Amino acid sequence: MTSGAPDAWDGIAAAAGALAASSHAIALTGAGLSVESGIPSFRGPDGLWTRYGQPSNLSYREFVADPQGWWEQRLHDEVTAGNPTYDLKDAADNADPNPGHLALVQLEQAGVLKATITQNVDDLHGRAGSRALLEIHGNRNFMRCVGCGQRWPRSGYVITDVPPVCDACGGVVKLDTVMFGEPIPSATLEACFAEVQRCDAMLLVGTSGTVNPAAQFPLLARDLGAKIIEVNPGPTQLTDAADIAINGPAGVVLPGIVELVQQRLGRKGEDEG
Ligand code: APR
């Protein structure tokens with residue numbers, strides 16, 4: 001715990017109680033969850049956007065207007081130090097899931113966590129073992145056709161010409177990662193809203209709550225009666241909406257919550273004989 005403040009441990013106990021008592025808990029995660037894996041967040045003191053500036057909300061429109069120019073710049077930036085694309089790629093290429101990711105997998109395997117909605121594109125949830133996973137901003141390891149939505153693993157995708165073109169529909173192929181100003185793929189967005197409307201507890205982990213539509217999910221869930229639990233070393237725009245706010249790093253707090261949930265579920269199992 002960053003401060004070791006008693007309220008953090010009280011928060012962990014309260015969060016464990018709420019999750020153990022829930023019937024449909026979900027998680028909403030952000031870049032802060034991957035900080036302990038060595039991937040910088042976007043905002044805050046060491047954030048990528050803090051260092052380099054946030055991309056324009058017209059990014060997607062610029063891509064559509066000149067996909068060839070976008071791809072040429074992208075392939076250059078991925079191998080040239082001194083830009084956010086290079087920094088994020090270098091960090092993510094060398095990152096592994098941390099105890100925070102693994103704790104969420106344990107909650108899923110215990111039948112408590114019914115879905116994880118992540119804003120992260122780093123694939124660490126999938127590599128950790130999360131299965132009920134909604135990657136609302138896409139996944140850095142995939143390509144996606146703008147025309148028909150088909151996706152391919154990037155590792156096996158050979159880019160011969162830029163922009164790459166879909167062999168199924170002739171559409172332009174981009175990275176699966178959702179750009180600023182780009183619509184979220186509709187099937188993913190609908191699935192996210194279905195989980196938000198159904199949940200009776202939402203675990204908010206490592207997000208500043210500044211980017212929509214994800215930032216609206218906790219507010220919608222709260223309005224529908226869900227218990228909101230926030231795990232973050234500092235206050236965010238969502239803290240006021242949280243029933244339980246735990247000040248600490250996800251890699252420490254989440255395992256603490258999971259341990260208490262498993263104890264409570266064990267006791268519940270004994271009581272039910
Ligand atoms: N554990 C938990 N939270 C942490 C940790 C940690 N170890 N370290 C930092 N944080 C918190 C920060 O306090 C901050 O509130 O993580 C949050 C990260 O916020 P952002 O950098 O804004 O990341 P995020 O909320 O995921 O951004 C949303 O913005 O640019 C887009 O597509 C990008 O998905 C991203 C979206």
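With which residue does D93 form a salt bridge, the closest N and O atoms being 2.6 Å apart? In this predicted model, the partner is R140. The pair links distant parts of the chain, for D93 lies in helix α6 and R140 in the loop between β3 and β4, 47 residues apart.

D93 also takes part in a second salt bridge, in which its side chain meets that of K89 at 2.7 Å, N to O. Here the two residues are four apart in helix α6, so about one helical turn separates them. Both are partly exposed: D93 has a relative accessibility of 44%, and K89 has 28%. In general, side chains of opposite charge can pair when their charged atoms come close.

Another such pair is formed by D96 and R127, whose closest N and O atoms are 2.5 Å apart. D96 belongs to the loop between α6 and α7, whereas R127 is in helix α8, 31 residues away. The whole structure contains 11 salt bridges, and R144, R151, K174, D176 and E182 are linked in a network of them.

An unreviewed UniProt entry annotates C145, C148, C166 and C169 as "binding site". These residues span 25 positions in sequence, yet no two of their C-alpha atoms are more than 8.5 Å apart, so they gather at one spot. C145, found in strand β4, is buried, with a relative accessible area of 1%. Its contacts include C166 and C169. C169, by contrast, is placed in the loop between β5 and β6 and is partly exposed at 40%. Among the contacts of C169 are C145 and C148.

Technical notes. Residues are numbered from 1 along each chain as its sequence is written. This is a predicted model: local features need pLDDT of at least 70, side-chain atom pairs count only at pLDDT 80 or more; totals for chains, interfaces and linings use all residues. Side-chain values use heavy atoms; hydrogens and water are left out. UniProt positions are given in the numbering used here, feature names are shortened, and annotations may be inferred rather than shown by experiment. Buried means under 20% relative accessible area, exposed over 50%, partly exposed in between (1.4 Å probe, protein chains only). Contact means heavy atoms within 4.5 Å. A salt bridge is a side-chain nitrogen of Lys or Arg within 4 Å of a carboxyl oxygen of Asp or Glu. Lists of a residue's contacts leave out its neighbours within four places in sequence.
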